[in-house]
Amino acid sequence: MKIAIVDDEKDMRQSISQWLALSGFETETFASAEDALQSVGADYPGVVVSDIKMPGMDGMQFLKKLMSVDSALPVVMITGHGDVPMAVEAMRVGAFDFLEKPFNPDRMTELVKRATTSRRLTLDNRALRRELSDGTTIMKKLVGTSPVMERLREDILDLGQADGHVLIDGETGTGKTLVAHALHAVGAKAGKKFVCLSCAAYDEETLAKRIFGPIDGGVQPLTEEARGGTMVLENIEALPQTLQARLLTWINDQGTPAETRVIAISNLQERGKTCEDVLRPDLFYRLAAMKITLPPLRQRGEDILMLFTRLGEQFAEEYGCDAPQVSAQEAAQLLQAPWPGNIRQLINVSERAVLQNRRGSGSIASLLMAEDEVSEASMTTEGKPLKEYVEAFERMLVDNTMRRHKGSIVAVMEELSLPRRTLNEKMAKYGLQRSDYL
Ligand SMILES: Nc1ncnc2c1ncn2[C@@H]1O[C@H](COP(=O)(O)OP(=O)(O)OP(=O)(O)O)[C@@H](O)[C@H]1O
Ligand SMILES: [Mg+2]
(Lines give C-alpha, C1' and ligand atoms only; values in the text may rest on other atoms or scores of the structure.)
(Ligands and ions follow the chains in the order given, each with its own letter.)
Protein backbone atom coordinates (compact mmCIF):
# COMPACT_ATOMS: atom_id res chain seq x y z
CA MET A 1 0.00 0.00 0.00
CA LYS A 2 1.29 3.40 -0.97
CA ILE A 3 0.69 6.72 0.67
CA ALA A 4 0.53 9.71 -1.68
CA ILE A 5 1.39 12.88 0.22
CA VAL A 6 0.30 16.13 -1.42
CA ASP A 7 1.45 19.46 0.00
CA ASP A 8 2.91 22.57 -1.60
CA GLU A 9 5.18 23.16 1.40
CA LYS A 10 8.34 21.14 0.97
CA ASP A 11 9.19 20.82 4.67
CA MET A 12 5.71 19.70 5.50
CA ARG A 13 5.47 16.93 2.89
CA GLN A 14 8.95 15.71 3.73
CA SER A 15 8.30 15.45 7.42
CA ILE A 16 4.99 13.64 6.87
CA SER A 17 6.72 11.31 4.45
CA GLN A 18 9.57 10.58 6.86
CA TRP A 19 7.23 9.92 9.71
CA LEU A 20 5.04 7.56 7.73
CA ALA A 21 8.07 5.82 6.24
CA LEU A 22 9.33 5.25 9.77
CA SER A 23 5.98 3.66 10.57
CA GLY A 24 6.58 1.24 7.72
CA PHE A 25 4.58 2.82 4.89
CA GLU A 26 5.77 3.28 1.33
CA THR A 27 5.35 6.94 0.52
CA GLU A 28 5.46 9.19 -2.54
CA THR A 29 5.29 12.97 -2.42
CA PHE A 30 3.75 15.56 -4.76
CA ALA A 31 4.14 19.32 -4.67
CA SER A 32 0.74 19.98 -6.24
CA ALA A 33 -2.65 18.38 -6.83
CA GLU A 34 -2.02 18.56 -10.56
CA ASP A 35 1.17 16.52 -10.15
CA ALA A 36 -0.54 13.98 -7.93
CA LEU A 37 -3.33 13.43 -10.45
CA GLN A 38 -0.71 12.15 -12.92
CA SER A 39 -0.05 9.19 -10.61
CA VAL A 40 -3.14 8.74 -8.49
CA GLY A 41 -6.21 7.42 -10.28
CA ALA A 42 -8.86 4.74 -10.12
CA ASP A 43 -7.64 1.57 -8.37
CA TYR A 44 -4.68 3.44 -6.88
CA PRO A 45 -3.00 0.85 -4.65
CA GLY A 46 -2.96 3.05 -1.59
CA VAL A 47 -4.39 6.13 0.07
CA VAL A 48 -3.94 9.91 -0.16
CA VAL A 49 -2.96 12.49 2.45
CA SER A 50 -3.48 16.01 1.17
CA ASP A 51 -3.30 19.57 2.42
CA ILE A 52 -6.35 21.71 1.73
CA LYS A 53 -4.71 25.11 1.17
CA MET A 54 -2.60 24.94 -1.97
CA PRO A 55 -2.01 27.30 -4.87
CA GLY A 56 -3.49 26.17 -8.20
CA MET A 57 -5.94 23.33 -7.66
CA ASP A 58 -6.76 23.42 -3.95
CA GLY A 59 -7.33 20.39 -1.75
CA MET A 60 -11.09 20.55 -1.99
CA GLN A 61 -11.11 20.54 -5.81
CA PHE A 62 -8.51 17.78 -5.73
CA LEU A 63 -10.74 15.72 -3.41
CA LYS A 64 -13.74 16.20 -5.68
CA LYS A 65 -11.70 15.14 -8.67
CA LEU A 66 -10.44 12.02 -6.89
CA MET A 67 -13.96 11.11 -5.75
CA SER A 68 -15.21 11.31 -9.31
CA VAL A 69 -12.45 8.96 -10.45
CA ASP A 70 -12.67 6.46 -7.59
CA SER A 71 -15.26 7.20 -4.94
CA ALA A 72 -13.87 4.54 -2.58
CA LEU A 73 -10.34 6.00 -2.46
CA PRO A 74 -9.52 7.01 1.13
CA VAL A 75 -8.33 10.62 1.24
CA VAL A 76 -7.17 12.16 4.50
CA MET A 77 -7.37 15.96 4.41
CA ILE A 78 -5.19 18.30 6.42
CA THR A 79 -7.12 21.39 7.49
CA GLY A 80 -6.07 24.63 9.15
CA HIS A 81 -6.42 24.91 12.90
CA GLY A 82 -10.06 25.47 13.89
CA ASP A 83 -11.31 25.47 10.32
CA VAL A 84 -14.46 23.54 11.14
CA PRO A 85 -16.52 24.51 8.06
CA MET A 86 -13.73 23.26 5.80
CA ALA A 87 -13.45 19.96 7.68
CA VAL A 88 -17.21 19.44 7.47
CA GLU A 89 -17.19 20.22 3.77
CA ALA A 90 -14.34 17.77 3.17
CA MET A 91 -16.24 14.99 4.93
CA ARG A 92 -19.36 15.79 2.95
CA VAL A 93 -17.49 15.52 -0.33
CA GLY A 94 -16.20 12.10 0.69
CA ALA A 95 -12.92 12.52 2.58
CA PHE A 96 -11.96 9.49 4.66
CA ASP A 97 -11.14 11.73 7.62
CA PHE A 98 -9.32 14.97 8.40
CA LEU A 99 -6.38 16.10 10.50
CA GLU A 100 -6.24 19.51 12.07
CA LYS A 101 -2.94 21.41 12.04
CA PRO A 102 -0.75 21.12 14.03
CA PHE A 103 -1.40 17.40 14.24
CA ASN A 104 -0.24 14.60 16.42
CA PRO A 105 1.91 12.25 14.28
CA ASP A 106 0.63 9.18 16.09
CA ARG A 107 -2.91 10.13 15.26
CA MET A 108 -1.89 10.45 11.61
CA THR A 109 -0.27 7.01 11.61
CA GLU A 110 -3.38 5.52 13.13
CA LEU A 111 -5.63 7.22 10.56
CA VAL A 112 -3.46 6.15 7.66
CA LYS A 113 -3.43 2.60 8.96
CA ARG A 114 -7.21 2.51 9.05
CA ALA A 115 -7.38 4.03 5.59
CA THR A 116 -5.02 1.44 4.09
CA THR A 117 -6.98 -1.43 5.67
CA SER A 118 -10.15 -0.10 4.11
CA ARG A 119 -8.38 0.36 0.80
CA ARG A 120 -7.08 -3.19 0.73
CA LEU A 121 -10.56 -4.55 1.31
CA THR A 122 -11.99 -2.44 -1.51
CA LEU A 123 -9.30 -3.51 -3.96
CA ASP A 124 -9.62 -7.20 -3.02
CA ASN A 125 -13.35 -7.07 -3.57
CA ARG A 126 -12.92 -5.38 -6.89
CA ALA A 127 -10.43 -7.98 -8.06
CA LEU A 128 -12.74 -10.78 -7.01
CA ARG A 129 -15.71 -9.23 -8.72
CA ARG A 130 -13.73 -8.75 -11.90
CA GLU A 131 -12.57 -12.33 -11.82
CA LEU A 132 -16.10 -13.59 -11.39
CA SER A 133 -17.45 -11.35 -14.07
CA ASP A 134 -14.69 -11.97 -16.54
CA GLY A 135 -16.55 -13.26 -19.57
CA THR A 136 -13.64 -15.23 -20.99
CA THR A 137 -13.06 -17.19 -17.79
CA ILE A 138 -16.65 -18.27 -17.55
CA MET A 139 -16.95 -19.04 -21.25
CA LYS A 140 -13.99 -21.39 -20.87
CA LYS A 141 -15.96 -23.33 -18.28
CA LEU A 142 -18.44 -24.28 -20.97
CA VAL A 143 -16.84 -27.38 -22.42
CA GLY A 144 -17.95 -28.79 -25.76
CA THR A 145 -17.43 -28.46 -29.48
CA SER A 146 -20.60 -30.12 -30.73
CA PRO A 147 -22.66 -27.96 -33.10
CA VAL A 148 -25.28 -27.34 -30.39
CA MET A 149 -22.60 -26.09 -28.02
CA GLU A 150 -21.02 -23.84 -30.64
CA ARG A 151 -24.44 -22.33 -31.23
CA LEU A 152 -24.98 -21.93 -27.54
CA ARG A 153 -21.74 -19.96 -27.27
CA GLU A 154 -22.78 -17.65 -30.07
CA ASP A 155 -26.20 -17.18 -28.48
CA ILE A 156 -24.64 -16.30 -25.13
CA LEU A 157 -22.41 -13.68 -26.73
CA ASP A 158 -25.25 -12.21 -28.79
CA LEU A 159 -27.91 -12.21 -26.08
CA GLY A 160 -25.45 -11.29 -23.35
CA GLN A 161 -24.53 -8.11 -25.15
CA ALA A 162 -28.09 -7.35 -26.25
CA ASP A 163 -28.95 -6.79 -22.59
CA GLY A 164 -32.66 -7.75 -22.75
CA HIS A 165 -34.52 -10.22 -20.54
CA VAL A 166 -33.85 -13.88 -21.22
CA LEU A 167 -35.64 -17.15 -20.61
CA ILE A 168 -33.48 -20.24 -20.16
CA ASP A 169 -35.07 -23.61 -20.52
CA GLY A 170 -33.63 -27.10 -20.26
CA GLU A 171 -33.53 -30.33 -18.33
CA THR A 172 -31.90 -30.52 -14.93
CA GLY A 173 -28.11 -30.36 -14.90
CA THR A 174 -27.76 -29.05 -18.45
CA GLY A 175 -25.98 -25.88 -17.34
CA LYS A 176 -28.80 -23.34 -17.01
CA THR A 177 -27.37 -21.62 -13.98
CA LEU A 178 -23.90 -21.59 -15.50
CA VAL A 179 -25.29 -20.01 -18.67
CA ALA A 180 -27.11 -17.34 -16.63
CA HIS A 181 -23.74 -16.43 -15.09
CA ALA A 182 -22.14 -16.35 -18.52
CA LEU A 183 -24.86 -14.08 -19.95
CA HIS A 184 -24.23 -11.64 -17.13
CA ALA A 185 -20.47 -11.86 -17.45
CA VAL A 186 -20.23 -11.15 -21.17
CA GLY A 187 -22.71 -8.26 -21.15
CA ALA A 188 -22.63 -4.61 -20.20
CA LYS A 189 -23.81 -5.42 -16.68
CA ALA A 190 -20.74 -7.51 -15.90
CA GLY A 191 -19.27 -6.35 -12.61
CA LYS A 192 -22.70 -5.23 -11.39
CA LYS A 193 -24.87 -7.24 -9.04
CA PHE A 194 -25.90 -10.79 -9.97
CA VAL A 195 -28.55 -12.21 -7.66
CA CYS A 196 -30.46 -15.51 -7.79
CA LEU A 197 -33.61 -16.78 -6.19
CA SER A 198 -35.56 -19.98 -6.64
CA CYS A 199 -39.30 -19.38 -6.95
CA ALA A 200 -39.88 -22.93 -5.71
CA ALA A 201 -38.16 -22.33 -2.40
CA TYR A 202 -40.79 -20.21 -0.63
CA ASP A 203 -44.52 -19.91 -0.11
CA GLU A 204 -46.34 -17.15 -1.93
CA GLU A 205 -46.23 -14.59 0.85
CA THR A 206 -42.54 -15.02 1.59
CA LEU A 207 -41.72 -15.04 -2.09
CA ALA A 208 -43.56 -11.75 -2.60
CA LYS A 209 -41.54 -10.17 0.19
CA ARG A 210 -38.26 -11.59 -1.02
CA ILE A 211 -38.76 -10.32 -4.51
CA PHE A 212 -40.60 -7.03 -4.00
CA GLY A 213 -40.24 -6.28 -0.29
CA PRO A 214 -40.66 -4.96 2.26
CA ILE A 215 -38.39 -7.13 4.39
CA ASP A 216 -37.65 -6.33 8.02
CA GLY A 217 -34.18 -5.72 9.33
CA GLY A 218 -32.83 -3.62 6.51
CA VAL A 219 -32.60 -6.55 4.09
CA GLN A 220 -33.14 -5.53 0.51
CA PRO A 221 -35.65 -7.33 -1.67
CA LEU A 222 -34.30 -8.92 -4.81
CA THR A 223 -35.59 -6.20 -7.11
CA GLU A 224 -33.63 -3.62 -5.10
CA GLU A 225 -30.52 -5.69 -4.58
CA ALA A 226 -30.23 -6.49 -8.27
CA ARG A 227 -30.79 -2.91 -9.39
CA GLY A 228 -28.57 -2.11 -12.33
CA GLY A 229 -27.43 -5.70 -12.62
CA THR A 230 -29.01 -9.08 -13.26
CA MET A 231 -31.87 -10.70 -11.35
CA VAL A 232 -32.16 -14.44 -11.85
CA LEU A 233 -35.41 -16.19 -11.04
CA GLU A 234 -34.94 -19.95 -10.98
CA ASN A 235 -37.93 -22.28 -11.29
CA ILE A 236 -39.96 -19.48 -12.80
CA GLU A 237 -42.79 -21.95 -13.41
CA ALA A 238 -43.36 -22.01 -9.63
CA LEU A 239 -44.11 -18.28 -9.53
CA PRO A 240 -47.77 -17.89 -8.47
CA GLN A 241 -50.14 -16.07 -10.84
CA THR A 242 -50.46 -12.96 -8.65
CA LEU A 243 -46.68 -12.57 -8.50
CA GLN A 244 -46.41 -13.16 -12.23
CA ALA A 245 -48.65 -10.13 -12.63
CA ARG A 246 -46.51 -8.06 -10.25
CA LEU A 247 -43.33 -9.13 -12.00
CA LEU A 248 -44.78 -8.12 -15.34
CA THR A 249 -45.74 -4.69 -13.99
CA TRP A 250 -42.29 -4.25 -12.50
CA ILE A 251 -40.64 -5.23 -15.79
CA ASN A 252 -42.87 -2.89 -17.77
CA ASP A 253 -42.25 -0.01 -15.37
CA GLN A 254 -38.55 -0.25 -16.03
CA GLY A 255 -38.99 0.78 -19.64
CA THR A 256 -36.34 0.10 -22.25
CA PRO A 257 -33.51 -0.46 -22.04
CA ALA A 258 -34.18 -2.17 -18.73
CA GLU A 259 -32.10 -1.00 -15.79
CA THR A 260 -32.13 -4.48 -14.31
CA ARG A 261 -31.99 -7.53 -16.52
CA VAL A 262 -34.23 -10.46 -15.66
CA ILE A 263 -33.09 -13.98 -16.44
CA ALA A 264 -35.86 -16.49 -15.86
CA ILE A 265 -34.90 -20.12 -15.60
CA SER A 266 -37.44 -22.82 -16.04
CA ASN A 267 -36.91 -26.22 -14.55
CA LEU A 268 -39.90 -28.10 -15.79
CA GLN A 269 -39.22 -31.63 -14.71
CA GLU A 270 -42.34 -32.83 -16.38
CA ARG A 271 -41.46 -33.68 -19.91
CA GLY A 272 -43.58 -32.27 -22.63
CA LYS A 273 -44.64 -29.22 -20.63
CA THR A 274 -43.15 -25.85 -21.43
CA CYS A 275 -43.04 -22.45 -19.86
CA GLU A 276 -45.67 -21.32 -22.28
CA ASP A 277 -48.17 -23.60 -20.54
CA VAL A 278 -47.57 -22.30 -17.03
CA LEU A 279 -46.72 -18.61 -17.38
CA ARG A 280 -49.19 -15.83 -18.14
CA PRO A 281 -48.89 -15.27 -21.88
CA ASP A 282 -47.97 -11.59 -21.51
CA LEU A 283 -45.16 -12.41 -19.07
CA PHE A 284 -44.03 -15.32 -21.19
CA TYR A 285 -43.69 -13.15 -24.28
CA ARG A 286 -41.91 -10.45 -22.35
CA LEU A 287 -39.33 -12.93 -21.07
CA ALA A 288 -39.09 -15.27 -24.02
CA ALA A 289 -38.27 -12.62 -26.58
CA MET A 290 -34.81 -14.02 -26.07
CA LYS A 291 -34.79 -17.66 -25.27
CA ILE A 292 -32.05 -20.19 -24.76
CA THR A 293 -32.89 -23.85 -24.72
CA LEU A 294 -30.11 -26.02 -23.40
CA PRO A 295 -29.78 -29.32 -25.18
CA PRO A 296 -29.75 -32.47 -23.05
CA LEU A 297 -26.36 -34.15 -22.75
CA ARG A 298 -27.42 -37.17 -24.81
CA GLN A 299 -27.75 -34.86 -27.81
CA ARG A 300 -24.24 -33.51 -27.53
CA GLY A 301 -22.50 -36.50 -29.10
CA GLU A 302 -18.74 -36.33 -28.84
CA ASP A 303 -18.91 -33.68 -26.11
CA ILE A 304 -19.80 -36.50 -23.74
CA LEU A 305 -16.42 -38.13 -24.28
CA MET A 306 -14.57 -34.85 -24.21
CA LEU A 307 -16.20 -33.87 -20.91
CA PHE A 308 -15.62 -37.31 -19.48
CA THR A 309 -11.92 -37.14 -20.37
CA ARG A 310 -11.46 -33.62 -19.03
CA LEU A 311 -13.34 -34.31 -15.82
CA GLY A 312 -11.48 -37.58 -15.39
CA GLU A 313 -8.18 -35.72 -15.58
CA GLN A 314 -9.32 -33.11 -13.10
CA PHE A 315 -10.50 -35.67 -10.57
CA ALA A 316 -7.40 -37.80 -11.11
CA GLU A 317 -5.26 -34.81 -10.24
CA GLU A 318 -7.39 -34.06 -7.22
CA TYR A 319 -7.17 -37.62 -5.92
CA GLY A 320 -3.57 -38.10 -7.00
CA CYS A 321 -4.09 -41.09 -9.25
CA ASP A 322 -4.38 -41.96 -12.94
CA ALA A 323 -7.35 -41.00 -15.08
CA PRO A 324 -9.30 -44.02 -16.31
CA GLN A 325 -8.63 -45.14 -19.87
CA VAL A 326 -11.85 -45.48 -21.82
CA SER A 327 -12.19 -48.56 -24.01
CA ALA A 328 -14.13 -48.56 -27.26
CA GLN A 329 -16.97 -50.41 -25.64
CA GLU A 330 -17.10 -48.02 -22.70
CA ALA A 331 -17.06 -45.06 -25.05
CA ALA A 332 -20.07 -46.49 -26.81
CA GLN A 333 -21.82 -46.94 -23.49
CA LEU A 334 -21.11 -43.38 -22.44
CA LEU A 335 -22.44 -42.16 -25.76
CA GLN A 336 -25.60 -44.21 -25.51
CA ALA A 337 -26.50 -43.63 -21.87
CA PRO A 338 -29.68 -41.56 -21.44
CA TRP A 339 -28.08 -39.16 -18.91
CA PRO A 340 -31.27 -37.99 -17.22
CA GLY A 341 -29.16 -35.92 -14.80
CA ASN A 342 -27.14 -34.51 -17.69
CA ILE A 343 -23.79 -32.84 -16.96
CA ARG A 344 -24.23 -33.00 -13.21
CA GLN A 345 -24.62 -36.76 -13.56
CA LEU A 346 -21.62 -36.98 -15.85
CA ILE A 347 -19.50 -35.15 -13.27
CA ASN A 348 -20.70 -37.64 -10.70
CA VAL A 349 -19.97 -40.68 -12.85
CA SER A 350 -16.53 -39.46 -13.80
CA GLU A 351 -15.56 -38.81 -10.19
CA ARG A 352 -16.64 -42.30 -9.24
CA ALA A 353 -14.84 -43.77 -12.24
CA VAL A 354 -11.63 -42.16 -11.01
CA LEU A 355 -12.14 -43.51 -7.52
CA GLN A 356 -12.86 -46.96 -8.92
CA ASN A 357 -9.74 -46.74 -11.01
CA ARG A 358 -7.72 -45.91 -7.93
CA ARG A 359 -9.07 -49.00 -6.21
CA GLY A 360 -8.49 -50.97 -9.39
CA SER A 361 -11.96 -52.46 -9.63
CA GLY A 362 -15.31 -51.83 -11.31
CA SER A 363 -16.37 -50.72 -14.74
CA ILE A 364 -17.84 -47.61 -16.24
CA ALA A 365 -20.84 -49.65 -17.38
CA SER A 366 -21.66 -50.63 -13.82
CA LEU A 367 -21.56 -46.98 -12.80
CA LEU A 368 -23.94 -46.07 -15.57
CA MET A 369 -26.29 -48.91 -14.71
CA ALA A 370 -26.30 -48.00 -11.05
CA GLU A 371 -27.45 -44.48 -11.87
CA ASP A 372 -31.16 -43.92 -11.74
CA GLU A 373 -32.10 -47.43 -12.76
CA VAL A 374 -30.53 -47.05 -16.12
CA SER A 375 -30.74 -50.36 -17.96
CA GLU A 376 -29.49 -51.71 -21.26
CA ALA A 377 -32.99 -51.13 -22.55
CA SER A 378 -32.88 -47.43 -21.75
CA MET A 379 -29.65 -47.00 -23.66
CA THR A 380 -30.43 -44.89 -26.64
CA THR A 381 -28.90 -43.88 -29.88
CA GLU A 382 -31.44 -41.06 -30.30
CA GLY A 383 -31.40 -41.85 -33.98
CA LYS A 384 -27.71 -41.01 -34.26
CA PRO A 385 -25.95 -42.78 -37.11
CA LEU A 386 -23.10 -45.20 -36.41
CA LYS A 387 -20.70 -42.82 -38.09
CA GLU A 388 -21.17 -40.33 -35.30
CA TYR A 389 -20.17 -42.84 -32.65
CA VAL A 390 -17.15 -43.93 -34.59
CA GLU A 391 -16.02 -40.35 -35.07
CA ALA A 392 -16.56 -39.43 -31.44
CA PHE A 393 -14.47 -42.37 -30.38
CA GLU A 394 -11.77 -41.65 -32.92
CA ARG A 395 -11.55 -38.09 -31.74
CA MET A 396 -11.21 -39.13 -28.13
CA LEU A 397 -8.52 -41.65 -28.99
CA VAL A 398 -6.40 -39.17 -30.95
CA ASP A 399 -6.95 -36.52 -28.28
CA ASN A 400 -5.91 -38.82 -25.44
CA THR A 401 -2.90 -40.23 -27.26
CA MET A 402 -1.65 -36.75 -28.19
CA ARG A 403 -2.04 -35.73 -24.59
CA ARG A 404 -0.15 -38.72 -23.27
CA HIS A 405 2.73 -38.13 -25.68
CA LYS A 406 2.70 -34.37 -25.06
CA GLY A 407 2.16 -33.56 -28.71
CA SER A 408 4.86 -35.81 -30.16
CA ILE A 409 3.46 -36.58 -33.62
CA VAL A 410 5.95 -39.40 -34.19
CA ALA A 411 5.00 -41.20 -30.98
CA VAL A 412 1.30 -40.90 -31.76
CA MET A 413 1.82 -42.12 -35.35
CA GLU A 414 3.56 -45.17 -33.99
CA GLU A 415 1.10 -45.97 -31.25
CA LEU A 416 -1.93 -45.69 -33.50
CA SER A 417 -0.15 -47.09 -36.58
CA LEU A 418 -1.17 -44.10 -38.63
CA PRO A 419 0.77 -42.48 -41.47
CA ARG A 420 1.61 -38.83 -40.78
CA ARG A 421 -0.78 -37.55 -43.42
CA THR A 422 -3.75 -39.47 -42.05
CA LEU A 423 -3.00 -38.27 -38.54
CA ASN A 424 -2.79 -34.67 -39.75
CA GLU A 425 -6.08 -35.03 -41.57
CA LYS A 426 -7.81 -36.47 -38.53
CA MET A 427 -6.48 -33.74 -36.28
CA ALA A 428 -7.71 -31.10 -38.68
CA LYS A 429 -11.08 -32.81 -38.96
CA TYR A 430 -11.56 -32.87 -35.19
CA GLY A 431 -10.17 -29.43 -34.59
CA LEU A 432 -7.22 -30.72 -32.54
CA GLN A 433 -4.09 -28.61 -32.48
CA ARG A 434 -0.64 -29.90 -31.69
CA SER A 435 0.26 -26.70 -29.88
CA ASP A 436 -2.42 -27.49 -27.26
CA TYR A 437 -0.50 -30.55 -26.13
CA LEU A 438 3.06 -29.31 -25.93
N1 LIG B 1 -20.93 -27.16 -21.00
C2 LIG B 1 -20.46 -27.44 -19.78
N3 LIG B 1 -19.17 -27.77 -19.61
C4 LIG B 1 -18.67 -28.08 -18.40
N5 LIG B 1 -19.37 -28.08 -17.29
C6 LIG B 1 -20.67 -27.74 -17.36
C7 LIG B 1 -21.27 -27.40 -18.61
N8 LIG B 1 -22.58 -27.11 -18.38
C9 LIG B 1 -22.77 -27.29 -17.06
N10 LIG B 1 -21.64 -27.65 -16.44
C11 LIG B 1 -21.49 -27.98 -15.01
O12 LIG B 1 -22.52 -28.92 -14.71
C13 LIG B 1 -23.08 -28.67 -13.43
C14 LIG B 1 -24.56 -28.42 -13.56
O15 LIG B 1 -24.76 -27.18 -14.20
P16 LIG B 1 -25.89 -26.16 -13.72
O17 LIG B 1 -25.98 -26.13 -12.24
O18 LIG B 1 -25.66 -24.88 -14.41
O19 LIG B 1 -27.19 -26.89 -14.30
P20 LIG B 1 -28.71 -26.47 -14.19
O21 LIG B 1 -29.31 -26.68 -15.52
O22 LIG B 1 -28.80 -25.10 -13.61
O23 LIG B 1 -29.27 -27.54 -13.17
P24 LIG B 1 -30.63 -27.45 -12.29
O25 LIG B 1 -31.77 -27.61 -13.25
O26 LIG B 1 -30.53 -28.60 -11.36
O27 LIG B 1 -30.63 -26.13 -11.63
C28 LIG B 1 -22.31 -27.50 -12.86
O29 LIG B 1 -21.27 -28.02 -12.07
C30 LIG B 1 -21.76 -26.82 -14.09
O31 LIG B 1 -20.57 -26.10 -13.80
MG1 LIG C 1 -29.58 -24.42 -11.80
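I take helices (H or I, at least four residues) and strands (E, at least two) as DSSP runs, numbered from the N terminus. My model is a predicted one, in which local features need pLDDT of at least 70, side-chain atom pairs count only at pLDDT 80 or more, and totals for chains, interfaces and linings use all residues. Residues are numbered from 1 along each chain as its sequence is written, and chains are lettered from A and ligands numbered from 1 in the order in which they are written.

Entry on cis prolines. I looked up Pro214 in the loop between helix 9 (204-212) and helix 10 (222-225), and I note that the peptide bond joining Gly213 to Pro214 is cis, with omega about -10°. I then went to Pro102, in the loop between strand 5 (97-100) and helix 5 (105-133), where the bond from Lys101 to Pro102 is cis with omega near -10°.

Entry on helix 7. I find 16 residues in helix 7 (residues 147-162), and a reach of 22 Å from the first C-alpha to the last, close to the 22 Å expected at 1.5 Å a residue (the expected span being 1.5 Å times one less than the number of residues). I list Leu152, Ile156, Leu159 and Gly160 as buried in helix 7; these residues cover an arc of only 100° around the axis, which puts them on the same side of helix 7 (the arc is that of the directions from the helix axis to the C-beta atoms). Buried here means 20 or more other C-beta atoms within 10 Å of the residue's own, exposed means 12 or fewer, and partly exposed lies in between, with C-beta atoms placed from the backbone. On the face turned away from the buried side I note the exposed residues Pro147, Glu150, Arg151, Glu154, Asp158 and Gln161. The buried residues pack against strand 6 (166-170), helix 8 (176-186) and strand 10 (291-294), where contact means that C-beta atoms, placed from the backbone, lie within 7 Å. Just after helix 7, I see that Asp163 takes a positive phi of about 75°.

Entry on positive phi in two loops. I looked up Lys406, in the loop between helix 18 (386-404) and helix 19 (409-416), and found phi near 50°, a positive value in a residue other than glycine; Lys406 counts as exposed because it has 9 C-beta neighbours inside 10 Å. Ser417 sits in the loop between helix 19 and helix 20 (420-429), with a positive phi near 50°, and I record Ser417 as exposed, with 7 other C-beta atoms within 10 Å.

Terms used:
Two residues are in contact if their C-beta atoms, placed from the backbone, lie within 7 Å.
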